[in-house]
Amino acid sequence: MLRSAVVLVLAGCLAASLAPPARADLSEKLGVLGGDDAKGYLSPLPKALSSTLNAGIFQTGRVPETGFGFALSLHAMGVTFGSGDRTFQTTATPQFPSVSAPTVVGSTGSVAVKGQGNLVSNFPGGLDISQFVAAAPQLSIGTVMGTRAVLRYFSDDIGNSDFGKLELFGIGAQHSISRYLRSIPADVAIGAFYQTFKLGDGLLDTKAFHVDVTASRDFGRVLKLQPYVSVGYDTFNMDVAYTSSSDPTDKISVKMDTQSNAHLAVGAQLSLAALHLSGEVFSAANSGAALGLSVGL
Amino acid sequence: MRTSRLIAYAGLALVTLVAAGSSCPTEPKIKTRFVDLAVGQSVTLDFPATGSTNTFTSGNVAVRLDQSINLPQAIAAAGIDVSSLKSITLAGVSYRVSVADPTSGRTVTSGSVQVAVNSNPMVDLIDNFSGAADKVTGWITPSLDSLGVDQINALLASELPQIQNDQNPPETLTYNVSGVSTPTDVATSFTYELRLTLSIVGTVKTKVLS
């Protein structure tokens with residue numbers, strides 16, 4: 001059985017394409033956990049996924065009034081985990097006390113907990129990672145009445161793994177504000193983007209929504225530099241469903257807490273003819289950085 | 001133009017500076033990790049309680065755990081190589097009425113489950129449980145006696161090296177379920193299920209992007 005922890009780590013998206021398959025299965029790790037403990041084990045993921053999925057979408061406030069333009073790009077987004085993300089407090093039960101155990105990004109060692117009557121239960125180790133990296137291909141096309149459409153899509157069947165299919169879909173648009181406010185000394189646009197990311201047959205199901213206002217200004221002629229800033233808002237929902245490994249009839253569904261937070265970014269785009277290189281740092285559910293490379297008009 | 005370039009370079013420098021901050025990710029690399037995976041497995045033992053007297057007992061029933069649960073298969077399914085197996089422990093015991101007694105009001109009192117490994121003496125695993133037996137129940141988690149839990153944990157610990165050496169563990173687990181059934185003037189006829197949940201820990205090699 002081919003499994004991919006990388007897919008888990010990147011669950012964020014198709015960074016799966018950047019890493020080789022590996023043997024460790026999210027559903028196996030979760031199978032031994034009750035719903036509340038699975039929630040704790042996965043607790044670093046919603047913030048990391050929210051931050052990365054909602055990053056690097058819009059790199060400019062410049063949206064022409066009309067004309068044909070497109071850009072095909074690849075964006076990589078990463079965030080770092082704090083020390084508080086590495087452990088969670090397990091749920092006490094009548095038979096077992098609460099203990100501190102590794103989250104999915106925590107240390108690799110399992111934690112044994114002694115319970116009533118000398119029962120011994122174990123919590124799985126984590127993947128010992130300090131950062132989360134995701135990537136996404138993106139197509140933007142426009143413009144009509146100062147509006148461009150933006151799409152993200154990736155789908156892959158992960159070998160023979162239990163994960164099955166990994167799918168990222170995103171759709172949104174950016175609309176020029178400058179066309180109404182011609183006196184402001186920068187290009188300004190408002191954008192909104194909705195994404196879904198699914199892993200396996202319901203194992204991981206996420207929905208992200210991002211809205212922002214981006215302001216940018218062009219400098220240079222042949223080699224163009226375009227600094228930009230954006231102020232936005234993110235929401236993120238994540239559901240997890242798996243089967244108990246000790247009782248195959250026990251289907252467990254976990255709804256992670258909704259993430260809602262401001263999203264601030266500052267970055268720059270360097271353009272030479274049809275080639276564009278962008279970089280930004282952002283502060284969202286987690287802070288991080290994003291890089292993008294695109295080709296287009 | 002010069003001013004514009006200065007502003008541009010200043011902007012780029014600002015981005016670079018902030019990007020170099022401690023909270024920003026560094027260049028991701030693929031790294032190998034050896035991760036402890038914890039897997040749960042369960043084995044369910046049936047016990048039909050029948051008879052015309054108000055005291056029932058299963059008698060001593062001997063089972064081979066390796067014949068009730070295919071641990072090597074379960075371990076392999078989790079992606080754990082048997083050579084990387086670290087522990088097998090008893091993580092839970094529960095019971096339920098799986099077939100209800102047709103007599104309304106059937107209850108069990110002074111219930112007891114005793115276990116023994118190989119030729120060791122019988123010790124309590126569950127003592128003095130009670131409950132209705134006239135309807136099917138969900139899994140009930142009883143208070144456990146550490147003597148019985150220790151016996152089963154010792155059995156599992158002794159089976160671990162045998163599984164790693166691809167041998168069939170010869171250990172036998174004997175159990176005895178007994179109790180008092182009421183009403184006393186109608187024959188008892190229901191079935192208990194006893195579930196033992198095992199926690200298996202082994203190390204798996206994985207690669208992560210970090």
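In strand S11 of chain A, Val229(A) is the bridge partner of Ala215(A). The model is predicted, so that local features need pLDDT of at least 70 and side-chain atom pairs count only at pLDDT 80 or more, while totals for chains, interfaces and linings use all residues. Residues are numbered from 1 along each chain as its sequence is written, and chains are lettered from A and ligands numbered from 1 in the order in which they are written.

Strands (E, at least two residues) and helices (H or I, at least four) are DSSP runs numbered from the N terminus, and two strands pair if DSSP finds at least two bridges between them. The pairings of S11(A), residues 223-243, are set out below.

| Partner of S11(A) | Residues | Bridges | Sense |
|---|---|---|---|
| S10(A) | residues 204-216 | 13 bridges | antiparallel |
| S13(A) | residues 259-272 | 14 bridges | antiparallel |
| S12(A) | residues 251-255 | five bridges | antiparallel |

Thr235(A) stands opposite Ser260(A) in S13(A), and Tyr242(A) stands opposite Ile252(A) in S12(A). Six residues lie between the strands in the hairpin of S10(A) and S11(A), where Gly220(A) takes a positive phi near 95 degrees.

In chain B, the 19 residues of helix H4 (residues 146-164) should span 27 Å at 1.5 Å a residue, which agrees with the 27 Å between its end C-alpha atoms; the expected span is 1.5 Å times one less than the number of residues. Among the buried residues of H4(B) are Gly148(B), Val149(B), Ile152(B) and Leu156(B), where buried requires 20 or more other C-beta atoms within 10 Å of the residue's own, with C-beta atoms placed from the backbone. Asp166(B), with a positive phi near 60 degrees, follows H4(B).

Note on methods:
Buried ≥ 20, exposed ≤ 12 C-beta atoms within 10 Å, placed from the backbone.
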